[in-house]
Amino acid sequence: MERMASLMPILLYIAVLIAACSSSSSEAAAPATSFEDNFDIMWSENHFKTSADGEIWYLSLDKETGCGFQTKQKYRFGWFSMKLKLVGGDSAGVVTAYYMCTENGAGPERDELDFEFLGNRSGQPYLIQTNVYKNGTGGREMRHMLWFDPTEDFHTYSILWNNHQIVFFVDKVPIRVFKNNGEANNFFPNEKPMYLFSSIWNADEWATRGGLEKTDWKKAPFVSSYRDFNVDGCQWEDPYPACVSTTTKNWWDQYDAWHLSDAQKMDYAWIQRNLVIYDYCKDSERYPTLPVECPLSPWE
C-alpha cells in the first residue's frame, strides 16, 4: 500500500493524459448497444437486469449464484471492447470475468483470452489478471494494479487479436502484449473462433490474497455493470470466412496493428515499470525453464 500511495500523484497525471489521447482503436465500428442484439444469458437470468433505456446491463452475485452472458456470434480476429464498472465496496472473493473463449465451459481443448478483475477488501486496490490459453493450456497469468478506481465509473477494456499479436488494453492503454512467432506453435491461439463472455462469480478460494480473504455475504448482492459493447472483427461463418486470412482490408489486420505505435510503447513501458504485480515469464520458481513464448519481444 505504501507503494500505491507513492504512485497516486503520477497515476492521476497519467489518467489525465490518457483521457486526452486517442489511438488507432478509434477506427472500430460504432457499437450496437442493445443487449438482445449481441448476447444471450448463460445462466441465472433473474440475476441480470438492464437500465430503463436498455443501455446499461447489470450482473449480480449472491450466495445462491452469479450470472453470465455470451455473444450470439463467434469471431476470429478483430477488436473487442466493453465498458465496465466493477463491484464497489468490500468485494473480496468476487471475480468479474470478461473474456473470449472457444466454448461455453472450461473444455480440455479450449482457447481463451481472459480479463479477470479480482475483488478486495474496502480501501484496497483492485487487481486485474490476464491469461492466455491454447488447446486447454493456460498458466500464462499477469497481474496489474490500475491507475484509477474501477468501481467509481465506467472504463473501457479491450482486446486486439490478430495473427501477429494479442494486446490487452485498459482505456486504450496497452497493459499486456502477447506476440506470435510466425510459426506453428502451442502458445498463440489463432486457429479457432471465439465467443465473448462476461460473468460474475464467487472465487474466494483463491481470488483475494490467495484465498485468505473470504466473501462477506452480508454485503451481497455484488453487482457489476456494463455498457457500450463494441466489436469490429471477423464474424465466423462455416466453413471458413475469408476475413480470417491476412488480407489487410481491416484496420485490425493492417501493419500498424501488428505492433505497438511509438505512443503506445511509451504507455506500455510506464505500465511495466509501475503497475505489474506478477508476470509468469519472470517466475523462475514456477517455471525453471521458461515457456518458449517468453523471449518474444513486445516491442517489435
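**Group meeting: a walk through the predicted model**

Let's start with Asp171, which is buried, with a relative accessible area of 18%; buried here means under 20% relative accessible area, exposed over 50% and partly exposed in between, with a 1.4 Å probe and protein chains only. Before I go on, this is a predicted model, where local features need pLDDT of at least 70 and side-chain atom pairs count only at pLDDT 80 or more, while totals for chains, interfaces and linings use all residues. Residues are numbered from 1 along each chain as its sequence is written, and side-chain values use heavy atoms, with hydrogens and water left out.

Okay, back to Asp171. You'll find Asp171 in the loop between strand S11 (165–170) and strand S12 (173–179). When I say helix or strand, I mean DSSP runs numbered from the N terminus: H or I of at least four residues for helices, E of at least two for strands. The phi of Asp171 is positive, near 50 degrees, and this residue is not a glycine. Asn135 also has a positive phi, about 50 degrees, and isn't a glycine either. Asn135 sits in the loop between strand S8 (127–133) and strand S9 (142–145). Is Asn135 buried or partly exposed? With 28% relative accessibility, Asn135 counts as partly exposed.

For background, most residues other than glycine have a negative phi, and most peptide bonds are trans. Which residues does a cis peptide bond join here? Ala220 and Pro221, with omega about 5 degrees. Pro221 belongs to the loop between strand S13 (195–202) and strand S14 (222–235).

Now the inside. A nonpolar core is a set of buried Ala, Val, Leu, Ile, Met, Phe, Trp, Tyr and Cys residues joined through side-chain atoms within 4.5 Å. The largest one has 68 residues, and the members touching the most others are Met82, Leu113, Phe115, Phe117, Tyr157, Trp161 and Val170. Strand S5 (residues 75–85) gives the most to this core, six residues. Apart from it there's another core of five residues, among them Met42, Ala97, Cys101 and Phe197. In general, nonpolar side chains tend to be buried together in soluble globular proteins.

Cys101 is buried, at 1% relative accessible area. Thr102 lies in the loop between strand S6 (94–101) and strand S7 (112–118). Thr102 counts as buried too, at 16% relative accessibility. What does Thr102 touch, leaving out residues up to four places away in sequence? The list is Arg110, Asp111, Lys192, Pro193, Met194 and Tyr195, with contact meaning heavy atoms within 4.5 Å.

On to helix H3, residues 262–274. The buried residues of H3 are Gln264, Tyr268, Ala269, Trp270, Ile271 and Asn274.

Last stop, cysteines. If a disulfide is a pair of cysteine sulfur atoms within 2.5 Å, the count comes to one. That one joins Cys281 to Cys294, S to S 2.0 Å, and the link is left-handed, with -85 degrees about the S-S bond. Both Cys281 and Cys294 lie in the segment after strand S15 (276–279), so the pair ties together parts that are 13 residues apart in sequence. Cys281 is buried at 18% relative accessible area, and Cys294 counts as buried at 17%. Cys67 is buried as well, with 0%.
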